[in-house]
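Here's a quick tour for anyone opening this structure for the first time. Have a look at it below, then read on.

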Amino acid sequence: MGTALWGLLGLIYGQVIELQSGKPRLVTFPELGSKRPLLWVALAWRHPPAYQELGRIVAFLVAQEDTLNPSSAALRRQLGNLGGHLSLWSMPEGAAVCLTVPRRAAVEAVSWLYAALRALPLQDSLAWQRLRQRAAKAWTGFALKQEVEWLLRGSPLLPPSLAWPQALAYIQRYLAPESLYVIFGGSLSFREKFQIGRLPLKIPLKPVSDSLPSLAVPPIPDTLIQNLWAYPGYVGLLVEGPLNWKERLAFREAFLSRWQREAPPLQWSLHLRDRTHLLLQARLDGRSYAFLRRLSTLTAQDSLEAQAWQAAFELFFRKVCAHPEEYPDLWITPVLMGDTLRLMDTLPAQVWRNGWPFRARGVWIGNETLALDTLVSTPPPARPPAAAVPDFLWTGPGLPPLGEWAAAFRLFWKPPCRRPCELSAYYRTVRERKRLTEYLHQLRLELIRTHQIPPEALEIYLRPLPVGFPPKAIRFRCFRC
Amino acid sequence: MFSLLSLWAQALCAYTQETGYVQWLLFHPLEHGHGEAVARTVVEGLFGDSVLRQVAYTHGVRYRFQRRGQWVCLEGEATPEGLFTLFHVLRGAIQRFPQRLQQNAIPIAESPPELNRGFQIAYEDTLPVDLSPLALTQYFTRYWQAGGVRGVLRGKIPTPLLHLAQEIAAGGVSELYWPPQPPPALSSPAHQGPGVVYIRWQLSGSPSLAVWAALWQQADALLHYLCAERQIACQAQWVPFMKGVELWIETGLPYATQQAAQDFLSRPFCPSPQRLPAFFTWLHRAENFLLAGWWACLWQIPQLPTAIPTLSAKELQRAARGWQLIIHTWNL
């Protein structure tokens with residue numbers, strides 16, 4: 001049985017999920033094709049947000065990171081001979097073990113992942129102890145980053161008593177074969193699917209429900225912390241993004257483009273997080289810090305910026321499709337959350353003009369040197385908002401709001417402007433034309449005399465009534481100079 | 001299927017692959033490793049041209065200046081359309097540069113200390129250099145006008161882009177492109193503290209895919225040994241050159257790292273065909289995408305393999321006899 005969720009128009013991408021009885025679900029992205037030299041394969045599972053760190057340690061276990069264990073060392077040697085490159089992923093949505101292998105080794109890669117699952121210890125062992133210590137050591141030297149993660153999640157990174165029974169309960173609850181996904185960054189042939197379907201995977205894991213204590217994750221407060229060691233500044237923020245996946249990528253690129261242009265940070269990382277958020281962590285100077293504090297909307301200020309954002313988005317889209325292994329957030333998160341990933345390589349220009357609100361909350365770490373930073377003492381000159389091009393339609397009753405039209409005109413009009421604005425009316429029959437022409441002339445005179453619009457800036461047009469257009473409409477419209 | 005036929009053995013190497021975007025590199029050597037400040041000033045001045053900056057911004061072209069060993073690299077990524085526009089405008093910027101220099105419109109560039117310090121110390125390139133307009137003009141003329149710059153493209157490369165890139169990397173001043181000498185060693189042994197361990201594989205014969213595969217196995221095994229087994233150094237930069245490759249390993253324990261590297265490299269080495277899939281994966285991974293193209297270009301390897309190479313154990317062992325090793329250490 002398969003559930004096909006793909007788009008057939010142009011460059012819309014979607015995943016295909018195929019169910020296998022008693023085995024992980026196979027997820028492919030057919031539009032990524034099957035002709036690349038390498039194939040990215042991820043074994044992924046869901047878990048609640050509070051178990052992100054535990055998921056990371058379990059991913060170490062699955063990935064056979066404990067090379068002091070002879071069977072793990074043998075599996076890693078086997079992976080090396082396969083030509084596989086291993087990476088791990090753990091986020092609040094779930095965790096994954098990812099392989100990048102030569103294209104022809106797709107079936108062998110899945111076979112290796114199944115062998116790694118079969119080799120999971122189901123009793124307390126030294127492997128677990130070693131990996132737990134290793135996970136704690138991984139934060140050595142990154143105390144600030146650890147503290148920020150802790151504050152963002154509202155709980156310590158590692159549960160206070162992380163004993164083996166809890167890890168076993170996690171494995172039994174979330175790593176049962178039917179709960180797993182095997183995600184491919186491309187498509188598979190029928191032969192490969194058939195061979196994968198025949199690979200053995202019998203693990204004595206009984207699905208267990210509710211044996212793990214539920215750790216509630218409180219909402220993230222917006223916190224400002226003074227910290228001398230954070231010079232110059234450090235932020236860990238959850239940024240609210242658009243709801244659909246294609247606009248999320250556009251939002252990401254628009255934000256990075258604006259940020260790099262106006263106040264580039266010293267270091268940054270940006271990850272997609274759940275359905276709506278992006279996790280931003282950055283080291284900043286004073287100017288960049290002030291930029292993030294001030295930013296409230298992300299809208300292209302002119303066509304140049306819109307074009308730059310579109311170009312950045314196109315480049316990012318092509319990179320994401322060429323090297324899916326570099327962007328596991330994008331390919332794994334929607335699968336785990338049950339969303340259909342639909343992407344397009346271009347977006348309508350209106351998307352950039354409409355823009356998005358920018359709301360970021362989380363942990364802001366700075367100190368008084370940020371205020372002394374000479375880069376922030378004179379804030380950059382605010383760019384004047386681009387005046388909207390007047391385009392008004394009046395359908396009555398009564399007189400049109402000439403004052404409002406004139407105000408919009410004065411804001412917009414900058415001589416020398418070659419093309420005058422139009423005052424238009426629409427006729428249905430020839431007999432209406434004379435009356436409408438006189439009416440338009442009256443309105444024009446009123447605008448010139450009372451509202452001081454230059455005569456050369458306004459012309460009158462009479463047009464046939466288009467289908468579906470209101471009959472008594474008067475239109476005032478200007479054009480970009 | 002991928003067609004990886006390239007234009008090579010000239011000033012421009014192009015490795016075509018259906019990725020949808022293209023990574024690009026313009027590079028040239030520094031004579032005796034000196035003059036990074038001049039190179040940086042000229043490149044940043046060139047790319048500070050307002051038209052070029054505007055085009056790079058509106059067409060989403062990413063670029064950065066980097067020094068790698070004796071090489072000065074200007075690398076980036078873009079869509080083919082964006083890169084075509086950028087190279088088109090770059091031609092104009094090259095023509096405008098002398099006039100901008102005359103009008104004092106070129107600021108002196110600052111070198112980010114943490115990135116290039118190891119290279120500067122290794123080549124004794126830390127002394128102030130002449131940044132007068134005359135020096136900048138001579139440098140600019142030699143590399144950017146007389147065709148001293150070479151290029152590498154990897155990814156989606158339409159024919160118009162290829163032709164335009166050939167005009168930028170025109171090929172000339174070939175006397176600059178000799179295998180560089182290793183950096184001069186410091187007389188005193190390294191003490192503890194941040195340092196660099198330099199390992200150089202110097203080929204005695206001609207480069208080939210078999211030599212590349214064998215050399216990579218040894219170097220990769222060394223890096224795994226230092227990082228995973230000994231846990232003393234995990235950051236390294238590959239810097240290929242015409243008859244070999246250098247590995248610049250950053251470490252906080254330079255003496256211990258040097259000893260460990262010497263121990264490892266003195267063991268008998270036997271390359272295995274079983275590691276060829278790992279080599280193939282390394283060639284095509286995103287983080288080595290441009291590096292692999294650059295390496296192949298410098299070694300004049302016309303194609304990057306589209307499938308796992310079929311090399312026998314004997315071929316690899318014969319290839320592994322064809323290099324010498326040099327190890328140096330410096331403190332930062």
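## Where the chains meet

Let's start with the contact, keeping in mind that this is a predicted model. Chain A puts 26 residues into the contact, and chain B puts in 23 residues.

So much for the totals; what about the elements on the chain A side? Three of them, α2 (70-82), β6 (94-102) and α10 (303-322) of chain A, each give at least two residues to the side that touches chain B. The largest share comes from α10(A), with 11 residues. As for the kinds of residue on the side of chain A that touches chain B, you'll find 13 nonpolar, 7 polar and 6 charged.

## A four-stranded sheet in chain A

Now turn to a sheet within chain A. Its 4 strands come in the order β15-β18-β16-β17, and the sheet is open, with mixed pairing. Which strands sit at the edges? They are β15 (391-394) and β17 (458-464) of chain A, each of which pairs on one side only. If you ignore direction, neighbouring strands in this sheet are turned by 20° against each other on average.

Strand β15(A) runs antiparallel to β18 (residues 474-477) of chain A, and 4 bridges join the two. To find a residue pair there, pick Asp391(A): its bridge partner in β18(A) is Arg477(A).

## A helix across the strands

One more piece belongs in this picture. Helix α16 (residues 432-449) of chain A lies across two strands of chain A, β16 (421-427) and β17. Relative to β16(A), helix α16(A) runs at about 155°.

Definitions and conventions. Residues are numbered from 1 along each chain as its sequence is written. Chains are lettered from A and ligands numbered from 1 in the order in which they are written. This is a predicted model: local features need pLDDT of at least 70, side-chain atom pairs count only at pLDDT 80 or more; totals for chains, interfaces and linings use all residues. Two residues are in contact if their C-beta atoms, placed from the backbone, lie within 7 Å. Ala, Val, Leu, Ile, Met, Phe, Trp, Tyr, Cys and Pro count as nonpolar, Asp, Glu, Lys and Arg as charged, and the others, Gly among them, as polar. Two strands pair if DSSP finds at least two bridges between them. Axes are lines fitted to C-alpha atoms, for helices over the stretch in contact, and angles run from 0 to 180 degrees between N-to-C directions.
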